[in-house]
Structures are given as C-alpha cells and as structure tokens.
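Here are a few friendly notes to read alongside the model.

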Amino acid sequence: MPSERFHRLSKEKQNLIWKASMKEFIAVPYEKVSINKIIRDAGISRGSFYTYFEDKRDVLSFLLEDTTRKWREFCLEELDKTYGDVFSLMESMMDHALRFSKNNDMFRLHKNLIMYPDDVLMECRADDGELERLVGEEFFRRIDRSKLRDNSTGGVLLLVKLCFVAMTAGIGEFHKHPDHEEIIKREYKKALSILKYGACKDSQQDQAKEQADE
C-alpha cells in the first residue's frame, strides 16, 4: 500500500498517479505493466515512485483498495435509501456494476484481473475472512436484521458472501457476453429470491418439524 509520504502529497498529485497507474493496468496484462510508463504519465521521478510504492504489486493493491473504498461508500448510501434492506442493496449493486462495467476504469481493471496470475492476486485481494473488515462495521450496523432468520453478524456476513458469489458470476458472464445483460439481471434476481425465500416449499414449516424431531 502507498507509503506515508504518498499520503502527504496533494490530492491533485495523488489523482495524477492514480490515473496513470489505472491507465497502465487496464491497458496490458500484469506481466507487461511498465513502471516507466506510470512514472512518465504521472510526471514523477523514478526515485519518487519508489518512496511511494515498493513495486507494481503495491500499486495494484492501492488501486484495488481504492475500488473497495468507493464500493463501501456506495453500499452505505444505498442502505440509507432502502432503510437497511440488504436484498435491495444487492440488486442495486448489480445494476450499478453492470452499468459501470461498460465505461468505467475500475471495472475495466477488474475485467483485466482475470488474466493476472493467481499468486499476484492472492497478495492484492482480501480473502473471505476479511470481508467484514472491508465493508466495515458501519455496513453491518445499517442493515435491517429484523426479518432475517439468522440475524447474527456471522449470519449476515454469510448472506452477503452468497450474494456476492452470485453477483461475481453475473459480472463475469457479462464480460463474456455483454449482449446478455437482461438475462443476467433476471438470473441474478432469481438467485436473490432463492436466498431470500429459500429453495424449498414451506421451508419454515419443514425446519420447525426437523427441530421438533431432534
């Protein structure tokens, strides 16, 4: 991640470096990313670059963390609009993701990540155990848990993970078949419906019976 020296730069200078880095990472596969091009486009010296970042993996981590921050802000705003409805949030997130996948640099970067070596990504992305940290405590505080069967933080975290799995699959399909957008949205809504209401008929009654038989 960027050094303390980077964070002391003006916002204007930080944005120049961000734009130059994003431009390079979405233009070529990871192994062809050129620090020299980033330096040239950002208008900084090579020495300065290495006081801000260790290497290009460090730059990629910075870009992904910035993406996470923007998503976190979006999630909190949507939860406020929907009075904490996690399923409305997830539907809005998919619409938002598909819309910006068409013309937004952050999503072009994620599309390009498919080609990156797994060992690179393992160092630059959080594992499932860090999802709670990434979305932040405020995310979980704003969710309305009153209608959730398992309203513990662990239960909500698992629900969010499952929603993200379905969303990631849909976005991946969109990258391969952008003309299938409406089909992808319908399939994603079906997945959310199964998560919300269950896959079995009378599932609540069946669960009560199972508990009574134990």
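**Notes on the model**

1. Of the chain's 214 residues, 41% count as buried (under 20% relative accessible area, with exposed over 50% and partly exposed in between; 1.4 Å probe, protein chains only). This is a predicted model, where local features need pLDDT of at least 70, side-chain atom pairs count only at pLDDT 80 or more, and totals for chains, interfaces and linings use all residues. Residues are numbered from 1 along each chain as its sequence is written, and side-chain values use heavy atoms, with hydrogens and water left out.

2. The chain has 13 helices and 0 strands (DSSP runs numbered from the N terminus: H or I of at least four residues for helices, E of at least two for strands). Among contacts (heavy atoms within 4.5 Å) between residues at least 6 apart in sequence, 67% join residues at least 24 apart.

3. How do the axes of α2 and α5 cross? Helix α2 (residues 11-27) and helix α5 (residues 56-81) have axes that come within 10 Å and cross at roughly 105 degrees. Here axes are lines fitted to C-alpha atoms, for helices over the stretch in contact, and angles run from 0 to 180 degrees between N-to-C directions. The two helices are therefore roughly perpendicular to each other (65 to 115 degrees; under 35 is roughly parallel, over 145 roughly antiparallel, the rest oblique).

4. On the α2 side of this contact sit Trp18, Ser21, Met22 and Phe25, which meet Lys56, Val59, Leu60, Phe62, Leu63 and Asp66 in α5. These residues divide into 7 nonpolar, 1 polar and 2 charged (nonpolar: Ala, Val, Leu, Ile, Met, Phe, Trp, Tyr, Cys and Pro; charged: Asp, Glu, Lys and Arg; polar: the others, Gly among them). Lys56 also lies over the face of Tyr30, at 4.7 Å from the ring centre (NZ of Lys or CZ of Arg within 6 Å of the centre and within 35 degrees of the ring normal).

5. The whole structure holds 9 aromatic pairs (Phe, Tyr or Trp rings, the six-membered one for Trp, with centres within 6.5 Å; planes under 30 degrees apart are stacked, over 60 edge-to-face, the rest tilted). Phe6 and Tyr52 have ring centres 5.9 Å apart and planes at 70 degrees, so this pair is edge-to-face. It links Phe6 in helix α1 (residues 4-7) with Tyr52 in helix α4 (residues 46-52), 46 residues apart.

6. Phe6 also forms a tilted pair with Phe53, 5.4 Å centre to centre with 50 degrees between the planes. Phe53 is in the loop between α4 and α5, 47 residues from Phe6. Phe6 is buried at 1% relative accessible area, and Phe53 is buried at 2%. Ring pairs link Phe6, Phe49, Tyr50, Tyr52, Phe53 and Phe62 into a cluster.
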